[in-house]
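Dear colleague,

Please find the structure below, together with its sequence. My notes on what was found follow it.

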Amino acid sequence: MSSQKTPYLFGVRHLSPRGAYELVKFLDEKDPDIVLVEGPSDFNEMMADVCREETKPPFAFMAYTRESPIAVSIYPMAVYSPEYQAILWAHRNNKQCRFIDLPSGTFLCIGKEKEDAENEESENDAEPIGVRIKKAVGEETETWWERNIEYTAVDYREAVNEYGKQIRMSDNSRGKYDVAENMVRECYMKRQIEEALKEFSPEKTVVVTGAYHVSGLENCSALTDKEIKTLPSVPSLATLMPYSYYRLSARSGYGAGNNAPQYFEMIWDSLCKGDKEYTSYMYVTKIAEYMRANGGITSSAEVIETIRLAKTLAYMRGSRIPSLSDLRDSVISCIGHGNLSEVSKAFAFNEVGTKIGSLPEGVSRTAMQEDFYIKLKELKLEKYKSMCTQTIELDLRENIHVKTEKYKFIDLRRSFFFNRLGVLGIDFAKNQHKVQSRATWSEVWNLQWTPETEIQIVEAAINGDSVRLATEFVFKQKLEMASSIKEISAVISQACLCGMEDTVNAAVRSLQQFSVDAVSFGELAMSLEQLSNSVKYGSIRYIDTTHFIPVMKQMFYRSCIVLVSSCRCNNDAVRDVISAMSILNAVDTDNDFIDSEEWVKVLCDAALRDDINTKASGYAMSILLERSVFSSEQLSTEVQRRLSKGMPSDLGAAWFEGLSIRNHYTLITRLSLWEKLAEYVDTLDDEEFKRALVFLRRAFSSYSSLEKDQIAENLGEIWGVNAQQVSEVINSAVTEEQQEIIDSLDDFDFGDL
Amino acid sequence: MATEFQRLPAEQLYQEEIDALIANEKDPVPTGWKMSPKSVLKYIVGGKAGKKVITPKYIGNDRLVEICIATLVTDRALLLIGDPGTAKSWLSEHLCAAINGDSTKVIQGTAGTTEEQIKYSWNYAMLISQGPSEQALIKSPVYRAMESGTIARLEEISRCASEVQDALISILSEKRISVPELSTELPAKKGFSVIATANTRDKGVNEMSAALRRRFNIVVLPAPSDMQTEIEIVKTRVEQLAGSLDIQAELPSDKVIENIITIFRELRDGQTLDGTQKLKQTSGVLSTAEAISLLANSMALAGSFGNGKISDYDLASALQGAIVKDEAKDADIWKEYLENVMKGRGEEYRGLYKKCKELNA
């Protein structure tokens, strides 16, 4: 045997079936005593769990920093990951296996710095490998890879090592920082390899690493102890988590994309079967199966034609086995009748798949998961941990029939728990909003447990160690990021639902700070409404809302100040102003700590001013009428003034429209008002009448026919005619003659109304 | 090439290119084909054969052409579907020209097409005098294609009545036509296939039966996906047309082509290119082919009646004709487009805008 000085380097792509297959073959052949795998060296202790029988891929290693801002890195593994197969091989053969890359703490630390650095970097004009491949063969990198490396390459190891070298050569296309990071990683790995070589001979050592690093590892020198000490690091935690193919395809952390995990698994299966063409048959048959299951008519003849076409397409590219793109295009043409839309769902189902990995009970459970399960038990929710949806009804009030303090408020605590899960993005409980929304003590939730939920819980672990802490953290981040009053108010109402008083108070403080800066009238009103609701319904959740009062007072006062200036607007904008006024009035009547006097004063000002939008004035007037600030006499004078001949008739009519929005009955019962209106109409000449008619019609359009009857009665009284006659005229359908007159109005020039 | 004919079939027009490709053939040639699938692809999407430059015939997604060729290699029939003016017939003609050197075995589908035209018919005088015989048989293009192992083309298949379409079903699956009158049967030679084209948008078309659709590999040809591709297509085709039609006028400038394509794309998509303004769509399709004929038309106008340079007036009247198909609706849409979009476009469109407006006054 020749005495070899360097260990075997096996370059791989991180998620490559052929790589995994060839690697296992290579390991069988060389039978090393130790396998070194690229992966954070502090993950070593998790290897035992990875090898347990109950562990089903896909799963992922997850590392995250302990302190905010939180950084996460995820290393997903599928059954066809070469690294996973390497670990399994070592376990099967009772050989040693180690991870040799930088510890995750260091990774996370440099990852963060890199982000900052990359923002400053300029575009480099060297061609990335993908562009070069596209130019040379006219195919996308993924397709090229599949065709040439996964299927065709005779010596996989050689081909991949060469590929890695080529990427390295076009390295200029990567950022400077990236290159530096890779250098450090390679020197560190080299050091780990050298450590291993102290115990094992080189011909009994295999290193599994990304193809990119192969030539780097051949040429670099190892880090010294001193250098290792200077590596930056942040405190971090690591765990195993179940993963799903969906996640793998949508956001795999690796640069090596893997858009079709289910399909890649088929490739892995066919390699294990020793029949490379099996993938194509499998894929197209599964597509046909899906189509049939979903109401499509897909004949076996079509399946055969699809495979024939795919093979011909591959053949035109000089390959024997169709690639995914060949298969896809053939399926579209033969099964999908030329339309991608007909088969796109089948594609997604068969390429991405719904597979979700699982881990043995109790393996690497994060503090978050533990807290979650304790809470489930505490709140007697364990029976709801099932795949089918179950409904639970909560009564948030104190249960007086229970003796123990613990269960008196169990439903309330459940509600808090569910709401917190919602904030953390864990879809375990969904609130079924009841029709009777005002009954705040009653809630209905749908509970459903899916494997995806477990993943969401692990992901939520990055925010904190318990459901409560993580929720608090998420709220804190939201508050820090908030850029408008609306966002903060949303946090407040959510935090109230979650029963998190501290967060509520913090949010109220930042709301106060925000409201000092200029904000619009509408926003103020909306926020006040939210706060007011929280005050109103806070008691059922035992949230102390006394902190709200000074802030609400302040905001209310601000609204009073800006009200008049907000009313100087056109007819489109005035609608929002009016709804804000209505909200503020409700806030004022709901909360006795609000300064009503100031509110009334401002309303009076708005009602009597002539330089603001008259509709807003009218509306202010109607609120004041309702609050009995104005008497009937004062109203009649004002009506007379507003509707006098000097006023442009459109302004007058708009004012009347504003006045009549709010409360029809208060108006109907005031006879004097109708007298004035009647007088006013009498004073108009034809032209003005037409102009006013439009507005008046609009004003009365919201009245019911009963109300119109009553108005008719009023007017009948004034004009001295029988009420019934008037009512008939008002409520009757438009005659042809009248229609003509109305039609002629269409041509009437309303100017710039 | 100077000729007395209005339009030569593709294989004659591009004879030299086809010869060069055959001369430089390196890959295996399927039975009944004149060149390898790779060379067919090169003939259609362009490239080089030895020293001869092969002009691109179809500009767009090369992959679609690849699928078409692969379909024909597997002896499956090919159905090209797409909006009017997406180069369906064009592609079908060139595929046949490259594969067989003959694109003339065509059946033009109409509402009046009969089953005999797809299978065979008789010379009745002869039939009556001699009785059924080989000589009295009039072979359809499909019949001849089966006999010679080549490709037959069926244009506008969806315009044929359903019964007539159905005649194809057995031909495509059995690959033979029986002639009971002569008690013989014609089996198709290797290399026989059918390329059909259909458009889905026009009025007066018949649904294709599922049975027939199943016998085709279907390729949907899209409208040019981006502005640049469309400009390139129009430019190439207008140059070729101007050459073959002997139009004595200057070629339209790049700017003019770009403006016309902009107007077409905006009205076709129902929004401005930058996506900020919504527009009404016209009743016509406003295809790329229409843009090509519009420009050729303008050149003819300029050459015959003008100073040989396309003027704004020529363009305006051609646009009017292309866009306003349905007088009542389209005219309003076009007027609205002129006022709301074109007017604000500045100097570049000023002249064209004025002329268009005059025509609509």
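**A helix and its surroundings**

The buried residues of H27(A) are covered by a set of elements that includes helix H25 (548-566), helix H26 (574-590) and helix H28 (614-626) of chain A. Please keep in mind throughout that this is a predicted model. Helix H27 itself comprises residues 596-608 of chain A, 13 residues in all, and reaches 18 Å from its first C-alpha to its last, which is close to the 18 Å expected at 1.5 Å a residue. Within H27(A), the buried positions are A:Trp599, A:Val602, A:Leu603, A:Ala606 and A:Ala607. Because these residues cover an arc of only 135° around the axis, they lie on the same side of H27(A).

**The sheet**

Elsewhere in chain A, four strands form an open sheet in the order E1-E6-E2-E5, with parallel pairing. Strand E1 (8-12) and strand E5 (96-101) of chain A are its edge strands, each pairing on one side only, and the twist averages 30° from one strand to the next. E1(A) is joined by five bridges to strand E6 (residues 205-210) of chain A, the two running parallel, and A:Tyr8 stands opposite A:Val206 in E6(A).

Helix H1 (residues 17-30) of chain A lies across E1, strand E2 (34-40) and E6 of chain A, running at about 165° to E1(A), while helix H3 (residues 82-92) of chain A packs on the sheet, touching E1, E2, E5 and E6 of chain A, with its direction at about 140° to that of E2(A).

**The chain as a whole**

Chain A has 36 helices and ten strands, and 41% of its 753 residues count as buried.

Conventions:
Residues numbered from 1 in each chain as written. Chains lettered and ligands numbered in written order. Predicted model: local features only at pLDDT ≥ 70, side-chain atom pairs only at ≥ 80, totals over all residues. Expected span 1.5 Å × (residues − 1). Buried ≥ 20, exposed ≤ 12 C-beta atoms within 10 Å, placed from the backbone. Arc of directions from axis to C-beta. Contact = placed C-beta atoms within 7 Å. Pairing = 2+ DSSP bridges. Axes fitted to C-alpha atoms, helices over the stretch in contact; angles between N-to-C directions.
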